[in-house]
Amino acid sequence: EVIITKDGPCLVEMNCRAHGADGNWVPLARILTGGYSQVDVAASAYLDEAEFNKIPHVPQSPLQAHGQMVYFVSYSKGKVKRTP
């Protein structure tokens, strides 16, 4: 986490934790990595050594796909009637 201050960027923290969003990103991660996510790998590391050993040591190259999560924030009241 970086906060931009009047004196420039300030590193607040750097952790190896899983992205939040209630796990909504896990299916995307599995698609992009060929079937596993950070959560899957962490669980396998503790619970299933054979499964953990199937995880590649380096990502596939060249990169086969990419993904992005976008958050929309509305500052107005109302109901979404449709999307494009």
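**Close-up views of the predicted model**

**View A. The hairpin of strand 1 and strand 2.** In this predicted model, strand 1 and strand 2 form a hairpin, with two residues between them. Helices (H or I, at least four residues) and strands (E, at least two) are DSSP runs numbered from the N terminus. Strand 2 covers residues 8-11, and its pairing with strand 1 is antiparallel, over four bridges; two strands count as paired if DSSP finds at least two bridges between them. Thr5 has Gly8 in strand 2 as its bridge partner. Residues are numbered from 1 along each chain as its sequence is written, and side-chain values use heavy atoms, with hydrogens and water left out. Local features need pLDDT of at least 70 and side-chain atom pairs count only at pLDDT 80 or more, whereas totals for chains, interfaces and linings use all residues.

**View B. A nonpolar surface patch.** Val2, Ile4 and Leu11 form a nonpolar patch on the surface, with about 340 Å² of accessible area together. Val2 belongs to strand 1 (residues 2-5). Patches are made of residues with over 30% relative accessible area and no salt bridge, like charges being joined within 9 Å and nonpolar side chains (Val, Leu, Ile, Met, Phe, Trp, Tyr) within 5 Å. Accessible areas come from the Shrake-Rupley method with a 1.4 Å probe, and for residues only the protein chains shown count as cover.

View C. The structure holds two salt bridges, a salt bridge being a side-chain nitrogen of Lys or Arg within 4 Å of a carboxyl oxygen of Asp or Glu. Side chains of opposite charge can pair when their charged atoms come close. In one of the two, the side chains of Arg30 and Asp40 meet at 2.8 Å, N to O. This pair links distant parts of the chain, with Arg30 in helix 1 (residues 26-33) and Asp40 in helix 2, 10 residues apart. Arg30 is partly exposed, at a relative accessible area of 37%, and Asp40 is also partly exposed, at 21%. Buried means under 20% relative accessible area, exposed over 50%, and partly exposed in between (1.4 Å probe, protein chains only).

**View D. The salt bridge between Lys54 and Glu51.** The closest N and O atoms of Lys54 and Glu51 are 3.3 Å apart in this salt bridge. Lys54 is exposed, with a relative accessible area of 61%, whereas Glu51 is partly exposed, at 33%.

View E. Ser37 lies in the loop between helix 1 and helix 2 and counts as buried, at 2% relative accessibility. Beyond residues up to four places away in sequence, Ser37 touches Trp25, Val26, Ala29 and Arg30; contact means heavy atoms within 4.5 Å. Ser44 is part of helix 2 (residues 38-47) and is likewise buried, with a relative accessibility of 12%. Leaving aside neighbours within four places in sequence, Ser44 is in contact with Glu49, Glu51 and Phe52.

**View F. Gly67 in the segment after helix 3.** Gly67 is found in the segment after helix 3 and is partly exposed, at 39% relative accessibility. Its contacts, not counting residues up to four places away in sequence, are with Leu28 and Leu32. The C-alpha atoms of Gly67 and Gly34 are separated by 13 Å, and these glycines are 33 residues apart along the chain.

View G. Asn53 lies in the segment after helix 3 (49-52) and is exposed, with a relative accessible area of 51%. Asn53 and Ser76 are 23 residues apart in sequence and 49 Å apart in space, C-alpha to C-alpha. Leu63 also has its place in the segment after helix 3 and counts as exposed, at 64% relative accessibility. From Leu63 to Pro9, the C-alpha to C-alpha distance is 30 Å, with the two residues 54 apart in sequence.

**View H. Confidence of the model.** The mean pLDDT of the protein is 83, and 95% of its residues reach 70 or more; pLDDT is the predictor's confidence in each residue, from 0 to 100. Confidence is lowest in helix 1, at a mean of 84, and highest in helix 3, at 94. Where pLDDT is low, the predicted coordinates should not be read in detail.
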